[in-house]
Amino acid sequence: MWVGLDKLLELQKLDLTIARLDAEVRAIPQTIETVEGRLAKARQEFEEATEQVGHLQKERRAKERELEEANQNIKKKQTRLYEIKTNEEYTAVLKEIEVLKAKSSKLETEILEQMEQGDVTAKTVTEAERVFRAEQAGCEKERQDKEARLAAIQKELADLQTAQKGQASRLDAELLKLYTRLIRNRDVAVVPVMDSSCQGCGMALTPQAYAELRRNDRMFTCASCSRILYFPG
Ligand SMILES: [Zn+2]
């Protein structure tokens, strides 16, 4: 094996782990934002359902007052019937009572309908509250988990970066320069050759180049992607 390959592979292993952890750190705010978005939606649905219940109750109380008024009016007019002297007036008041009774009956139906609707809405509120509380707990747990994970990653990253610096210092300066440029531009700098092809870009090696590379006794770079190649054995 050519000098530096194993050190290079070890360095790359550290760099790839650092990159993976960096990506995980960067993804955390997005995850929290998604969970918070779900919580906000659940809170809004709960609030809207609660508001709807309040609105229905208010409407029902108004109708109940109207019904009471109509019923009192009916009683008053029925009492008046005994005091009436003329037939015309009697007929007129009877007619008024009939109109009031129809109104009262219509109100009763409407109140019953509103009560049924109220039951449905109350169930919606219960369900919306259950979802909201669950999202609230889930959001809190997610936040705590992510905070703990972030602290763990930051500690791990600090150790990895120290190890990375140490490993980089063990490499020949020219090789390190080439590697650093490649890992920045290509994500992976050192790739194995399998089935005669560069595993970085897929380009096939000539049979002669492949035969030479298999000896692993000097450094090869891919003619297409410039990555450092090696034979995994
Ligand atoms: Zn390549």
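Trainee: How far apart are the centres of domain 1 and domain 2?

Mentor: Keep in mind that this is a predicted model, where local features need pLDDT of at least 70, side-chain atom pairs count only at pLDDT 80 or more, and totals for chains, interfaces and linings use all residues. Residues are numbered from 1 along each chain as its sequence is written. The chain splits into domain 1 (11-170) and domain 2 (172-233), with bounds from an automatic or database domain assignment. Taken over C-alpha atoms, their centres are separated by 60 Å.

Trainee: Which element gives the largest share of the side of domain 1 that touches domain 2?

Mentor: Contact here means C-beta atoms, placed from the backbone, within 7 Å. On that basis, four residues of domain 1 are in contact with five of domain 2. The largest share of the domain 1 side, three residues, comes from α1.

Trainee: What span does α2 reach from its first C-alpha to its last?

Mentor: Helices (H or I, at least four residues) and strands (E, at least two) are DSSP runs, numbered from the N terminus. α2 has 83 residues, and the expected span of a helix is 1.5 Å times one less than its number of residues. That gives 123 Å expected for α2, and the model comes close to it, at 118 Å.

Trainee: Is Ala102 buried or exposed?

Mentor: Ala102 sits in helix α2 (residues 87-169). A residue is buried if 20 or more other C-beta atoms lie within 10 Å of its own, exposed if 12 or fewer, and partly exposed in between, with C-beta atoms placed from the backbone. Ala102 has 11 other C-beta atoms within 10 Å, so it is exposed.

Trainee: And which residues of α2 are buried?

Mentor: What covers them includes α1. The buried residues themselves are Leu100, Ala128 and Glu135.

Trainee: How does Glu45 come out, and why?

Mentor: Glu45 is found in helix α1. Because it has 17 other C-beta atoms within 10 Å, Glu45 is partly exposed.

Trainee: Which residue in the turn of the β1 and β2 hairpin has a positive phi?

Mentor: Across this pair, Val193 has Cys198 as its bridge partner, and Met194 stands opposite Ser197. The hairpin leaves two residues between the strands. In that turn, the residue with a positive phi, about 50°, is Asp195.

Trainee: Last one: how many residues does the largest nonpolar core have?

Mentor: A nonpolar core is a set of buried Ala, Val, Leu, Ile, Met, Phe, Trp, Tyr and Cys residues joined through C-beta atoms within 7 Å. In the largest one, the residues with the most contacts inside it include Leu8, Tyr179, Cys198 and Ile228. α1 (5-81), α3 (173-186), β1 (190-194) and β4 (228-230) each supply at least two of its residues. The number of residues in this largest core is 14.

Terms used:
Two residues are in contact if their C-beta atoms, placed from the backbone, lie within 7 Å. Two strands pair if DSSP finds at least two bridges between them.
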